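I opened my notebook to look up how the inside of this protein is put together, and I begin with the terms I need.

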Amino acid sequence: MNEHTSHGHAASYRRRDVLTLAGVAALAGLAGAGCGSATSASSPRPQPEPTSSVARFWSGQRRHGQVNFANWPLYIDTGHRTLQEFTATTGVQVSYTEVIQDTPSWFTKINPILMAGEAIGYDVMVITNGFQFSQLLAEGKLVPINQEMLGNFYRNASAKFKRRSFDPGNTYSVPWASGSTGIAWNPKYIKTPVTSINELWNPAYKGRVGMMSDPQEIGNFGMIKLGINPERSTQADWRAAGKALAAQRRAGLVRGYYQQSYIDALSNGDTWISMAWSGDIFQQNLTSGSALQFAIPREGGSIWTDNMVIPRGAENPVDAMMLMDWYYRPPIAAQLTASINYITAVPEVRPIIAADAAKASGEEKHTLAEVATSKLVWPTPTEYSRLYNYADVSGKLQHEYLSIFQSAMGE
């Protein structure tokens, strides 16, 4: 299991590190070529296509025995056994490419191709909810998925992953994996368990608070502190949250606004308390023996989701649907979760990994047992109820959102 662990660790770091750059890249991308048709601030939210047109599209599609899958590096089970079993079971060959280094650069690459009405060469791709996901959806660049081919998803996915504000009804996407953003603290310096988001504003920790530099993440926490649901937030809410975050900075509470390096600052005592990603804390404790603590504040935290979607012009959409639904078979989802250590949408995975741990030995047994029991991988139902998606922002609204929260950080 050491190999699995190292891959999961690398995936955790590489997967989340690049997301911290998403805000700046999104702002730059809006001004660049290919984004001219962005939805304006006054435009209505895009509506799902009529059921009849979706049905007509899918009635004309056929299985081809091939699917091209674009994903992030180190973000699948070691050895790709899940893909091999898919081919053995269905006969569909998979061309799997780790071509997505981060969402903004991937969007910049594929957007001009999609704008021209051409195929990007992939039938399934993994995209994080946020600025670029909203842009693709708003501009009609994603295929509405065939709900009739999601039998495993509807049987096995938990309710939380069937009700997502950024894609109501899973019209265009289903989750690949998720993670939560909460608060972590170093028990060497903070002895009392942290339960409130207000601890990030506690004067006792002046100069020892770590905040994230990702505008989506920090924006969510500013709103959650004020009792605002980010998923239903307005521009006035963003401005109020920006003021709360700016006051935190001016009071000298913030040691720094971090990208991935927040985990090192927390471990070595530069910070005592910090915004944190659940997967990072799990991996840091597992691999380094540290005892960092993590909690979803009682006021709430964030949940982010990487989503499988079908881009417009995909040549093999039926085969793509088969692959997407394949990952909702509990034994398949278990293999994926055991390798990457992120939150799965399939709750039946947990007893499978626990059973595997009982049969294993040595380091593999320890790691599987940690995956099966960690609240960082398995938030409780109560914690799930306190997790919010990012504010759903597309088009010119992104300029204002980014401007507010970059200014709050003193940028």
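I call a residue buried when its relative accessible area is under 20%, exposed when over 50%, and partly exposed in between, using a 1.4 Å probe and protein chains only. This is a predicted model, in which local features need pLDDT of at least 70, side-chain atom pairs count only at pLDDT 80 or more, and totals for chains, interfaces and linings use all residues. Residues are numbered from 1 along each chain as its sequence is written, and side-chain values use heavy atoms, with hydrogens and water left out.

Entry on the whole chain. I noted 17 helices and 10 strands, which are DSSP runs numbered from the N terminus (helices H or I, at least four residues; strands E, at least two). Of the 411 residues, 58% count as buried.

Entry on helix α6. I looked up residues 131–138 and found that 8 of the 8 are buried, so this helix is largely enclosed by the rest of the structure. Among them are Phe131, Phe133, Leu136 and Leu137, but also Gln132, Ser134 and Gln135. Just after α6, Gly140 takes a positive phi of about 70°.

Entry on the core. A nonpolar core is a set of buried Ala, Val, Leu, Ile, Met, Phe, Trp, Tyr and Cys residues joined through side-chain atoms within 4.5 Å. The largest one has 124 residues, and Met125, Trp176, Leu200 and Tyr327 have the most contacts inside it. Helix α12 (residues 317–326) gives the largest share of this core, 7 residues.

Entry on Met125. Leaving aside neighbours within four places in sequence, I found Met125 in contact (heavy atoms within 4.5 Å) with residues including Ala70, Trp106, Leu136 and Pro311. Leu136, one of these partners, is also one of the buried residues of α6.
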